[in-house]
Structure formats: structure tokens, C-alpha cells
Amino acid sequence: MPVNQAAERIVFSFDRPAKKVTAVVEILYQGDAAKFAWVLPVPGIPQVGVSTSAMLDRLQAQTNPVYQVQRDFGQACRGGSPNAGSSGPVPAPSVPAAEANKPNVAVLAAGAVGPYVYEVIQVNPALSDPAMVAIEWLKTNGYEVGALGADVLRPYLRDKLNLIAFKLAKNRSAGSIRPVMLTYDSDRPMIPIRPTAVAANENMGILVWVLSANRAVPVNYKSLELNEALIDWFMPNATYNVVVTEAANQAGGQGFVTELATTTGNGQFANNLFNERFAIQTFRQAADALDIPELVARTVETFSAQAQGNFGGPFASRPGSGRVALDGVSDVLANNLTLPPGVTVDAVLTSPRCYFAAFRKPGAFYCDGMRAPEAVIELTGFDKAKFLADVEKLVIAPLEATAKLFVDQAYLTRLYTTLSASEMTLDPEFDLNSELGDVSNQHSVTLKYAGGCGDVNGAWEATFGGIVVKGMGTTWPFHPRNTPDMPANRRVVQMGMTGPGMVVADNTEKIAAAVKAPRPTGTGGAPGTGAPPPAAPADDDGCSMGGQTGDDAANLLFLAPFAWLLWRRRTRRG
């Protein structure tokens with residue numbers, strides 16, 4: 001059973017020799033598009049692009065931890081019968097006299113990318129309070145700053161970082177929001193997490209992938225090796241996030257679990273993520289010869305999650321099929337189609353062939369299983385060349401650029417943790433260690449049964465690093481919320497850029513003692529009894545990272561080489 005954590009997601013591509021980082025940062029927002037604003041302190045002037053949420057979804061799905069139970073009934077079954085089971089402000093530094101003559105705010109760069117428009121500004125550090133000047137500039141120039149205060153920006157501006165401010169372009173909806181890709185100079189990837197404490201959720205998940213030449217490690221946070229006996233192997237999704245949270249708490253609140261460390265397979269990893277590669281080739285070859293209605297329909301059908309390369313006949317898509325267009329498709333349609341009153345881009349995405357006269361059948365009252373719409377899209381003034389250019393720029397290029405990250409770098413490390421506000425006192429930094437081995441995301445344990453062949457309700461035992469765990473049936477004997485004497489970490493290690501790291505804590509003996517200790521029924525299960533643990537809280541399914549709900553809820557997430565500020569409204573996910 002794969003464990004699918006809900007978390008903030010960041011991909012870093014780190015070129016250490018060139019001291020360059022490319023980051024793909026997911027943005028989560030629901031609310032009025034006019035109130036969307038995203039402000040990030042950055043070094044210099046970064047290159048700005050967009051990515052695609054579907055690529056992050058696929059990346060997470062392909063790298064999630066997987067827990068599998070094998071059952072061994074020994075001599076009771078010929079040869080055994082293994083079966084897969086359920087598996088306060090800082091004093092300002094002195095300022096050179098020349099800087100006192102700079103303008104208060106200088107716009108260093110501006111542009112548009114995907115659904116966004118952005119500006120990179122530099123605030124004069126000679127000002128008595130650059131942060132207040134920055135806030136006022138943002139307000140004056142149409143950025144909804146909400147709860148963003150000068151205290152949050154002040155330390156970063158005093159370090160002479162610039163600000164990049166995003167807002168949605170005119171006529172863009174909140175549904176157009178997509179991950180941003182930024183490239184900048186940096187000695188190492190960093191997540192400046194400290195200012196997030198002003199509006200952080202309890203146990204907020206942080207999921208990080210680092211693409212690089214070698215395995216990545218947290219250099220100022222601990223590396224956590226989980227006590228896998230504490231995970232419910234029958235229902236890992238119910239306990240995995242709780243065990244990670246307890247492991248981080250027991251390590252002082254600041255540690256990452258390395259969930260996967262492996263090579264990218266000479267581009268094979270990119271191939272697995274880039275599902276549209278061959279569909280794009282077919283689309284490009286056919287596009288010039290297609291008439292406009294067919295071109296629009298095939299664009300939607302090609303770049304939808306459940307219809308890649310589907311060049312079937314009219315009415316190939318069905319309402320309620322769950323088809324989701326890739327990031328950028330809605331923007332392409334909005335840029336190039338004049339829709340009749342009452343017809344939305346979402347409606348065209350659901351049934352693209354229902355809104356063109358060319359596909360209407362005489363006397364047909366239904367289209368794609370719904371009553372045929374009266375309105376049709378007029379194509380007067382449609383610019384085919386512009387439409388195809390937008391498809392390339394807004395849909396295809398971000399897919400190709402994101403996939404290229406996995407070709408350019410030879411190694412992938414996935415790290416995960418949860419953090420609460422009180423733990424956000426240190427910005428996590430990552431670097432490389434070429435002397436460490438791979439880490440698999442595939443976990444397997446064999447349950448050895450003493451009963452009859454196929455009797456899954458009988459007594460069993462399993463071994464974890466030399467420690468024998470005994471249980472009964474399909475209820476795991478331990479639960480992380482009800483076994484305070486059971487460490488959540490097998491080991492806690494402080495990693496560096498060389499060597500195996502320094503062991504901070506080795507809990508092997510404590511775990512062995514806790515496993516043997518008798519437990520009253522109902523407190524996690526007595527070894528060998530299979531007593532069920534109490535019902536887990538609702539957030540134990542891994543969806544505990546949700547934000548506050550409501551239009552006025554806001555969170556701050558800082559993501560960057562030295563400091564980025566992400567401000568946006570969040571709603572609970574789960």
C-alpha cells in the first residue's frame with residue numbers, strides 16, 4: 001500500500017559546481033482571483049517560468065513510500081504461501097553613502113509568464129524602514145498584501161534581497177494558478193521556514209525532492225530513520241504521518257526522513273513522468289492540417305489527464321469522466337476563443353466538440369450525454385498561428401522544461417517532515433554527500449504464522465532489525481499515539497557532506513524493551529493479543545496539512561535559496 005502524504009511540495013534541481021538552483025514551487029490558492037498575490041524575497045533577478053501540477057502529482061505517486069506485507073505459513077503450506085497483504089527587528093547594517101541616493105523602489109525586471117504578471121523590485125536599504133516602503137509599494141501597485149507585514153520582510157530586505165511579486169493577469173481565474181519555476185544563484189537549496197511560524201498549521205507537511213549529482217542530505221536538520229515496528233503495516237496511511245511527526249518531535253522538532261534516494265536512470269525517470277511525450281509528437285505532426293474546430297478539440301483531448309493522444313471521433317469525451325486538462329489549456333482557450341454568453345472555458349474543456357457547429361448532427365438533441373447546448377463558438381478572427389504558439393508556450397514548454405530537470409541531474413532524493421510553528425526556528429538547508437548509499441521507498445515485512453495454511457487470523461511474528469514483533473490477525477499490535485515508551489526513531493543521525501554522519505541517538509535497545517513490555521488491552525494492543533488501538537483522529541489519513549478555511553484565511557510559506565516568501569490563501573486538503 002503506497003503512503004500518499006498531503007504536503008507542501010518543492011522540487012530543487014541543484015548544480016553545485018555552478019552554484020545554481022532551479023526550484024519548482026507549488027502554489028495552493030482558493031479565493032477571489034483579484035486578491036491573489038505572491039511575494040518572494042530572492043537574490044538577484046531570477047529566471048521565471050511555470051511548471052505543471054500533473055508532473056508533481058506523478059512524481060509524488062512514483063516516489064511514495066510503499067509498505068507490503070508478505071505472509072509465510074511455513075510447513076502448513078507447501079513451500080509457504082507469501083501473499084501481498086494490505087499493505088524583533090535586527091539592527092540595520094551600515095549603508096554606503098552611494099546607496100543613499102538610490103530611488104526608494106527600483107523595478108529591475110517585469111514580465112508575464114503563464115497566468116501571471118510579475119515585477120522584480122529592489123528597495124533602497126538606506127531607508128529607515130525598507131520593509132514599510134515595500135509594503136506601501138505593493139499596495140499602490142495593485143498587490144493584495146493581506147496579512148503580510150513589514151516585520152516579515154524586514155530581515156530579508158536588510159540582507160539586500162530583492163522582491164519578486166506575482167499577481168494573476170487580467171481575466172485569469174484562480175483555477176489558472178500553477179506551479180512556478182525559478183532559477184537563481186545559490187550555494188545550496190534552502191527553505192527559509194522561520195517566518196512561516198506566524199500562520200503555520202500544526203504539523204504542516206513539507207515534501208522535498210532534490211535533483212543533483214549525488215544524494216542530498218539535510219545539513220542542519222537531523223536525518224530520521226523510522227522505527228518501522230510502530231507503523232501499522234496493515235493500514236500504513238493511517239499511521240505513517242503520525243510516526244513521522246512523532247519522530248521529528250523526538251528529535252527536537254527538526255528532522256527529515258529520507259524516503260527515497262536513487263539514480264534518475266539516464267532519463268528513464270523523466271520518461272515515466274512525461275506521459276505526453278509521444279502525444280505531443282503526434283499533435284505537432286497533425287496540427288497544421290487540421291481545421292479550427294478539430295484543432296481545438298484535439299488540443300483539449302491531447303492535453304487532458306484521461307485523454308492523452310485520444311484522437312477518437314466526435315463526442316469522445318464524456319461529462320463526469322473525471323478528465324482534467326493540464327495546466328495552461330484553459331489559458332490557451334481563454335486567449336483564443338470568443339465564447340458565447342453563458343458558456344465557460346470549463347464547459348468547453350468538458351465537451352469540446354459540443355460547442356462547434358462543425359460537429360453538430362442534424363436533429364441531434366444530445367451531445368456527450370447531455371442536452372446539446374444552443375450556443376456555438378464563432379470562429380471569426382481566430383488566429384491559428386497564435387493558438388498553436390500559445391499551446392507550445394503555455395502547455396508543452398513547461399512540461400518539457402520540468403522533465404528536463406530529471407534528465408540533467410543523475411540523482412534524486414526525496415525528503416519529508418512535518419513542522420509546527422514552535423519548531424520553525426531554523427531554516428532547513430540541503431547539500432550533497434556522495435559517500436552515502438541509495439534508499440528504497442519499497443518496504444516489505446514477512447509475517448510468519450504458526451497456524452494453519454491461509455489462517456490470517458492466527459498468531460504471527462515479524463522481525464525488524466533483529467527485533468521480533470508478535471501479533472494476532474490483521475490488527476497491528478502498536479499504535480504511535482498510545483505507546484509513549486516506543487521511540488518513533490530507530491536512529492537519529494546528523495549528516496554532513498562526507499561520511500556516514502554522526503549518530504545522535506540509537507534507540508534499538510529501547511525499541512526492543514518496548515516491544516516486549518506487556519500492554520493492557522486497548523492501549524495499542526498487547527503483543528500477541530491483537531487488541532485494537534483506539535480510533536485514530538480524523539487527520540491520521542495523511543491529510544493533516546490542510547490550512548484554515550474561509551476567504552480570510554492566509555498562510556505564509558517561505559521557499560528559496562536564501563529567502564522566498566509565499567503568501568496565499570489555503571483551504572483544508574485531505
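**View 1. Lys448 and its bridge partner Glu461 in strand E19.** The model is predicted: local features need pLDDT of at least 70, side-chain atom pairs count only at pLDDT 80 or more, and totals for chains, interfaces and linings use all residues. Residues are numbered from 1 along each chain as its sequence is written, and side-chain values use heavy atoms, with hydrogens and water left out. E18 and strand E19 (residues 459–464) pair in the antiparallel sense, over two bridges. Beside the bridge of Lys448 with Glu461, Tyr449 has Trp460 as its bridge partner in E19. Strands pair if DSSP finds at least two bridges between them. Strands (E, at least two residues) and helices (H or I, at least four) are DSSP runs, numbered from the N terminus.

**View 2. The open sheet E5-E18-E19-E20.** Four strands make up this sheet in the order given, and their pairing is mixed. Strand E5 (66–72) and strand E20 (467–472) are the edge strands, each pairing on one side only. On average, neighbouring strands of the sheet are turned by 30 degrees against each other, direction ignored. Angles otherwise run from 0 to 180 degrees between N-to-C directions, and axes are lines fitted to C-alpha atoms, for helices over the stretch in contact. E5 and E18 run parallel and are joined by seven bridges; Gln68 stands opposite Ser444 in E18.

**View 3. The hairpin of E6 and E7.** Strand E6 (residues 105–113) pairs with strand E7 (residues 116–123) in the antiparallel sense over eight bridges. Val107 has Ile121 of E7 as its bridge partner, and Val113 has Tyr116 of E7. Two residues lie between the strands, and Gly114 in the turn has a positive phi of about 55 degrees.

View 4. Contact is taken as heavy atoms within 4.5 Å.

**View 5. Helix H6 against helix H7.** The axes of H6 (residues 277–287) and H7 (residues 292–302) come within 11 Å and cross at roughly 175 degrees. H6 is therefore roughly antiparallel to H7 (angles over 145 degrees; under 35 counts as roughly parallel, 65 to 115 as roughly perpendicular and the rest as oblique). H6 contributes Ala279, Phe283, Ala286 and Ala287 to the contact, and H7 contributes Leu295, Arg298, Thr299 and Thr302. These residues divide into five nonpolar, two polar and one charged. Ala, Val, Leu, Ile, Met, Phe, Trp, Tyr, Cys and Pro count as nonpolar, Asp, Glu, Lys and Arg as charged, and the others, Gly among them, as polar.

**View 6. Helix H6 against helix H10.** H6 and H10 (residues 384–408) pack at an angle of about 170 degrees, with their axes 13 Å apart. This angle makes H6 roughly antiparallel to H10. On the H6 side the contact is made by Ile280, Phe283, Arg284 and Ala287. On the H10 side stand Lys384, Leu388, Val391, Glu392, Ile396, Leu399 and Glu400. The residues of this contact comprise seven nonpolar, no polar and four charged.

**View 7. The second largest pocket, with a volume of about 540 Å³.** Its lining consists of 29 residues, and Leu224, Glu225, Leu226, Glu228 and Arg490 lie nearest the centre. At least two lining residues come from each of strand E12 (222–226), strand E13 (255–263), strand E18 (442–449), strand E21 (489–494) and helix H11 (508–516). By class, the lining holds 15 nonpolar, eight polar and six charged residues. On a 1 Å grid over the protein atoms alone, a pocket is an open set of points where a 1.4 Å probe fits, with protein on both sides within 12 Å along at least five of seven lines; lining residues have an atom within 4 Å of a point. Grid points are joined across faces, edges and corners, and the volume is the space filled by probe spheres set on the points.
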